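This report describes one protein and then turns to a single residue in it. The sequence and structure come first.

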Amino acid sequence: MTVSPAPAATSPGAAPPATEPAPGSAVDPSPAAAPAVGFAPDEIRLDEPTRSARLKWVVVVDEALEPGRAANAVACVTAATATGVPGLMGPTASDAGGDVHTGLPWTGCTVLGAPRATLAELRAKAAAAPGVHVADMPAIAQQIRVYGEYLAAMAERPVDDHDYLALSIVGPRNRVDRLVGKLRLLP
């Protein structure tokens with residue numbers, strides 16, 4: 001049997017001592033604050049068309065990327081969005097044979113293409129819009145294979161120096177439509 005040391009004593013009301021994760025250790029990915037964008041349980045309407053959802057989800061990818069790199073960028077921003085926007089994913093589905101299939105976004109998701117130069121401007125506008133969630137994939141993310149090195153590289157770059165491959169945007173339908181209205185579906 002392993003016995004863990006007792007936690008250090010703190011005075012009532014004091015915050016516990018801060019600890020840094022050891023190099024190479026897992027970091028708690030949960031955000032410190034509640035997400036600003038998402039669906040309340042009573043807003044999840046599986047019996048209505050996706051257009052009736054209060055929030056709209058779009059992914060915009062650099063239209064000049066090779067298919068494999070584009071698919072990677074879309075998958076990455078989609079994963080970040082699915083975990084960052086509560087209520088986006090629908091329940092699991094059972095087929096006639098009893099096999100269970102992972103839930104999909106009940107809201108739908110539109111994938112659009114844009115020139116890479118447009119993505120930075122679009123990201124800035126979306127990030128500044130109230131009630132909008134933005135997940136982005138900077139180009140350096142596909143160049144670096146160690147996540148800690150990615151974090152370090154990001155910390156050294158000003159926001160204006162990023163070259164984006166894809167964005168995922170979720171927000172009020174009219175606001176998202178104004179942001180991406182002139183973009184076309186990815187072929």
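## Surface and burial

The protein exposes about 12000 Å², and carbon and sulfur atoms supply 58% of that area. Accessible areas come from the Shrake-Rupley method with a 1.4 Å probe, and for residues only the protein chains shown count as cover. Of its 187 residues, 28% count as buried (under 20% relative accessible area; exposed is over 50%, partly exposed in between; 1.4 Å probe, protein chains only).

## Basis of the model

This is a predicted model, in which local features need pLDDT of at least 70 and side-chain atom pairs count only at pLDDT 80 or more, while totals for chains, interfaces and linings use all residues. Residues are numbered from 1 along each chain as its sequence is written, and side-chain values use heavy atoms, with hydrogens and water left out.

## Overall layout

The protein has four helices and seven strands (DSSP runs numbered from the N terminus: helices are H or I with at least four residues, strands are E with at least two). Along the sequence they follow the pattern β-α-β-β-β-α-β-α-β-α-β.

Among contacts (heavy atoms within 4.5 Å) with a separation of 6 or more, 75% join residues 24 or more positions apart.

## Serine 168

Serine 168 is part of strand S6, which covers residues 164-172. Serine 168 counts as buried because its relative accessibility is 0%. Leaving aside neighbours within four places in sequence, the residues in contact with serine 168 include Val58, Val77, His133 and Ala135.
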